[in-house]
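Please review the following briefing alongside the sequence and the coordinates.

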Number of protein chains: 2
Amino acid sequence: MSVTAAKGFVAAGVIAGLKASGRPDLALVVNSGPDAHAAGVFTSNRFQAAPVTWSRQAVADGRLAAVVLNSGGANACTGSAGFDDAKKMAEWTGAEVGCATDDVAVCSTGLIGARLPMDAVLTGIELAAQDLANTGGASAAEAILTTDTVTKVEVHTSPDGWTIGGMAKGAGMLAPALATMLVVITTDAVVEAAQLDEALRTATGFTFDRTDSDGCMSTNDTVLVLSSGASGVAPDAAEFSEALTGVCASLAKQLLADAEGSAHDIEVRVEGAATEADALAVARAIARSNLFKCAIFGNDPNWGRVLASAGTVPADYDPEHVDVAFNGVRVFVDGQLGADRSEVDLKKGREVLVEVNLHAGDAAAAIWTNDLTYDYVKENAEYST
Amino acid sequence: MSVTAAKGFVAAGVIAGLKASGRPDLALVVNSGPDAHAAGVFTSNRFQAAPVTWSRQAVADGRLAAVVLNSGGANACTGSAGFDDAKKMAEWTGAEVGCATDDVAVCSTGLIGARLPMDAVLTGIELAAQDLANTGGASAAEAILTTDTVTKVEVHTSPDGWTIGGMAKGAGMLAPALATMLVVITTDAVVEAAQLDEALRTATGFTFDRTDSDGCMSTNDTVLVLSSGASGVAPDAAEFSEALTGVCASLAKQLLADAEGSAHDIEVRVEGAATEADALAVARAIARSNLFKCAIFGNDPNWGRVLASAGTVPADYDPEHVDVAFNGVRVFVDGQLGADRSEVDLKKGREVLVEVNLHAGDAAAAIWTNDLTYDYVKENAEYST
């Protein structure tokens, strides 16, 4: 059900003709109210795509009535003409669905550095507006995919009568702050914009920001949350925040599980750190090591590459007293050789848990990543983004 | 001729039986004087291998009489027992060649986290000591190889009668500060230890430190320079420094050209930076982008991935006014689309020059890297280091 699981939302996904494959490539999500509260977080890349520049402005006042999304072109690094294109998409959408231009967010994904074929985009917006339905969530989720092989959707329903639903795309350039992707989340809970914003920042901080597929940061990352208030129920703030974090965590794990060409889902968990920032820095360094990621692809619990990566981080710990475990087998203990690596079997399934204990404090954090495979190279050598 | 090109040095490379392949795996380089000056630079990884810990101490007084090197095992993350092994290698070498234990540097490369088979190592040292010859440079250069496919050697001869010769190994984990590898350089110029140290730091700063194959930093990186003074000629300091930098640059480029599975040699040159540090930071971010490196493997001049990487760096520049060129073709000019990417042909040869102009000042710097290929993944999934 995705973005139409919550009451007060309609959506559609159509073929606008932007993708050479002829697959669906344009989506609309419309909030029919009564509220039109919204919040967003965006890429921290300094080369931000035109739709990011536009949407950041649009959501600044805490209001959104609609989101228009396209795959088949990122509209990034396209200069002022590209910004005009993004604005035109908002204008056209506002005119079709009956809301102000400034209440429309725009998301684009695909090749960087090419203008969008605007005739096709605008015709697609008209088509999608005609298709809007409260059953349109699945079509919308499909229309935003690029190299993704499956749609990513998640729904949380509270026993109190409110719902959060979301959709996501992104199979590469998943990196921090935030993991590259487009995500639209809707809720019928009665939640003001400021509370939405706080809950969204908490949720992305614990989920998408800790998802690091290939260390590369996109120009187009966008996560939006819209509330219609249509359930009439105002949830407890902590409960809502927790539920939103849960939806984001599910979407983040789905993104990683479908990451380009990956064969293993890896959690790098660093414990015993002096601070959470230290734990994250060490976990991120390990998660970004190509040598480590190739070793996991080869089913090799190569803890030497884990340590070599950890050793590049100026965190507060003593290299003489560090432990490393792979799937629970402690292969390096207190700075000395531990169990033999042959005791670790990485061929059993996709899940790999790497635990590093720094013995420097009580803080912990994890980064989710995946392995580096032939298929990653193939997709990214042959596909232009 | 490698490390025996300069007068006053003998070397040998033998089969000690450390490598399963049965290839040569132990080398000795001995300085027969009259001087025994030396300098070294080492990995900045906090998990430094036992031989690095040993050699750092050994060279601290500016004196080395010999270097013993082995492939087939890194002796890293092996705890205090590993340190004892490294020390034993120095003792044994000192006894064989007739010098103090503290005047012997030790270098190891291969799998991290396994003890060396010391019986084989010590027997190998005896064998190598018997083989020492002033024609032994080539054998020594071969015995230090791991996944390298060719030996890396370079010789510079001054018209004034002094010579610098060097050997290097390293085909992966080439990263900054310094690029991972073992390098031994010898000279018969009359150069004091302090001058050697200064010249070596200058040389590595401009060469190995700017060589970044896969962003991964080894636990074993070592670059040593030894002077015998046997030519009797004391060179001009600037001339010697420049010649040493030239030898290091040649060895660094040979390392990259043989980097694991690479298909293109890439120079990422950033110009118009406010500071050299800014130029280096931007160049390094681009050189470490897996998406960029895969695109080059696919012969795709994907400047969007260049910008997306540059955009992660907090350097002083305005994203609206940046240029990007591939092999001289300006595909992005002043923040706008430039020449069509079809004008760039990356299939012609291995050389790729990516130029980024930040238009923020007069500083410039380059990082040398290579592409990310199927063969990189294959070697690093199947080979344990």
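The points below are grouped by topic. The model is predicted. Chain A superposes on chain B by a rotation of 180° with 0.0 Å of shift along the axis, which is the relation of a two-fold axis.

**Symmetry and the contact between chains**

- The superposition of chain A on chain B has an RMSD of 0.0 Å.
- Among the residues of chain A, A:Y374 comes closest to the rotation axis, its C-alpha lying at 2.7 Å.
- Both copies use the same surface, since 100% of the contact residues of chain A recur in chain B.
- Chain A gives 46 residues to the contact, and chain B gives 46 residues.
- On the side of chain A that touches chain B, the elements giving two or more residues are helix 8 (290-297), helix 9 (303-310), strand 13 (336-337) and helix 10 (374-382) of chain A.
- The residues on that side of chain A comprise 21 nonpolar, 21 polar and 4 charged.

**The sheet of chain A**

- Five strands of chain A form an open sheet in the order 3-9-8-7-6, and their pairing is mixed.
- Strand 3 (37-42) and strand 6 (152-157) of chain A are at the edges; each has a single partner strand, so one side of each is left without a neighbour in the sheet.
- On average, neighbouring strands of this sheet are turned by 10° against each other, direction ignored.
- Strand 3 of chain A runs antiparallel to strand 9 (residues 222-227) of chain A, and 6 bridges join the two.
- Opposite A:A39 stands A:V225, a residue of strand 9 of chain A.

**Helices packed on the sheet**

- Helix 5 (residues 193-206) of chain A packs on the sheet and touches strand 3 and strand 9 of chain A. The direction of helix 5 makes about 30° with that of strand 3 of chain A.
- Helix 6 (residues 237-257) of chain A lies across strand 6, strand 7 (163-169) and strand 8 (182-187) of chain A. Relative to strand 6 of chain A, helix 6 runs at about 160°.

**A loop residue of chain B**

- B:N299 is found in the loop between helix 8 (290-297) and helix 9 (303-310) of chain B.
- B:N299 counts as partly exposed because it has 16 C-beta neighbours inside 10 Å, whereas a buried residue needs 20 or more.
- Apart from neighbours within four places in sequence, B:N299 is in contact with B:L346 and B:K347.
- B:D345 is 46 residues from B:N299 in sequence, and their C-alpha atoms are 7.4 Å apart in space.

Methods:
Residues numbered from 1 in each chain as written. Chains lettered and ligands numbered in written order. Predicted model: local features only at pLDDT ≥ 70, side-chain atom pairs only at ≥ 80, totals over all residues. Helix = DSSP H or I, 4+ residues; strand = E, 2+ residues; numbered from the N terminus. Buried ≥ 20, exposed ≤ 12 C-beta atoms within 10 Å, placed from the backbone. Contact = placed C-beta atoms within 7 Å. Pairing = 2+ DSSP bridges. Axes fitted to C-alpha atoms, helices over the stretch in contact; angles between N-to-C directions. Least-squares fit on C-alpha atoms with pLDDT ≥ 70 in both. Nonpolar A, V, L, I, M, F, W, Y, C, P; charged D, E, K, R; others polar.
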